[in-house]
Amino acid sequence: MRSWLFVPGNRPAMIAKARGVGADVLILDLEDSVAPSEKPAARACVLAALREDRGGNRLWVRVNPLASPEFAEDLDTALAGGADGLVLPKAESGACVRALRAACDARGKPCPPVLAIATETAQAIFGLGSYSGLAPDLAGLTWGAEDLSAALGSASARDDAGALTGPYAMARNLTLVGAMAAEVQPVDAVWTDIRDLDGLADECRAAVRDGFTGKLAIHPAQVPVINRCFQPSDEQVSTARRIVEAFAADPAAGVVALDGAMIDMPHLKRSRLILQRAGIPA
């Protein structure tokens with residue numbers, strides 16, 4: 001799932017428009033984009049959206065944090081509508097995912113897949129290694145600079161050149177490592193300048209280079225850029241297929257020769273991931 005587009009849960013017209021932009025996941029938001037006074041109306045709107053014909057769209061719901069007084073009603077709404085997944089903000093460790101699963105169990109409902117936003121408090125940074133063993137309940141980990149910046153009292157998460165400063169580069173890197181250790185999808189954070197699509201593309205390419213497999217979006221115009229950057233190229237797919245086929249032809253081999261280069265098991269693993277991202281069985 002390459003593109004994860006947030007849509008305010010109290011804006012039915014925006015939800016309707018978002019259905020046609022090609023996002024792999026639409027996140028119907030009940031948290032940050034909805035004012036406290038609007039949350040009951042947002043839940044009603046989200047429930048109605050979940051009960052409509054989805055037309056192939058994956059509809060996930062971002063609930064409010066576990067400790068929030070809104071959480072129980074948000075979860076009831078998502079489960080009643082059969083949400084395809086849940087986005088859990090302010091997750092501080094794997095225990096938060098287990099608590100969410102327990103809340104679903106208490107309602108007699110299976111827990112939908114969860115994308116945990118795992119860097120929004122200072123304490124959360126220390127929990128990024130605690131998510132192992134939670135799949136398939138846990139589908140992925142993502143991160144965000146905005147809430148963490150408020151928690152740390154930072155003036156900005158980026159320097160004058162636009163690069164992430166130390167604490168936020170660390171949070172991003174640990175999210176990637178934590179997700180891979182947990183064998184779930186690593187999803188990169190939002191690019192907040194909705195007018196700068198070139199900057200978004202640059203950040204997407206860097207995320208792909210480092211190992212992220214998807215990215216959050218906050219505007220429909222960002223979706224095509226994200227989808228294009230995270231979709232493996234024809235050349236990458238062709239090379240990956242040849243590597244997989246070379247090892248399949250000699251199952252006992254730990255190393256094979258291809259185009260004059262020696263290819264070993266890390267190359268095979270990376271090739272399988274590329275084919276998986278392209279939707280090709282490996």
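Reader: In which loop does Ala221 lie?

Author: Before the details, a word on the model: it is predicted, so that local features need pLDDT of at least 70 and side-chain atom pairs count only at pLDDT 80 or more, while totals for chains, interfaces and linings use all residues. Residues are numbered from 1 along each chain as its sequence is written, and side-chain values use heavy atoms, with hydrogens and water left out.

Ala221 lies in the loop between strand S8 (214-217) and helix H9 (222-230), where helices (H or I, at least four residues) and strands (E, at least two) are DSSP runs numbered from the N terminus. With a relative accessible area of 32%, Ala221 is partly exposed; buried means under 20% relative accessible area, exposed means over 50%, and partly exposed is in between, with a 1.4 Å probe and protein chains only. Ala221 and Ile194 are 27 residues apart in sequence, and from C-alpha to C-alpha they are 7.7 Å apart in space.

Most residues other than glycine have a negative phi, and most peptide bonds are trans. Lys90, in the loop between strand S4 (85-88) and helix H4 (94-106), has a positive phi of about 55° although it is not a glycine, and Lys90 is partly exposed at 29% relative accessibility. Glu183, in the loop between helix H7 (166-182) and strand S7 (185-188), also has a positive phi, near 60°, but Glu183 counts as exposed, at 71% relative accessibility. In the loop between helix H5 (122-125) and strand S6 (138-142) we find Pro136, and the peptide bond that leads from Ala135 to Pro136 is cis, with omega near 10°.

Stepping back to the whole, the protein has eleven helices and ten strands, and buried residues make up 48% of its 282 residues. In soluble globular proteins, nonpolar side chains tend to be buried together. Leaving aside neighbours within four places in sequence, Val61 is in contact (heavy atoms within 4.5 Å) with residues including Leu28, Val46, Ala78 and Leu86.
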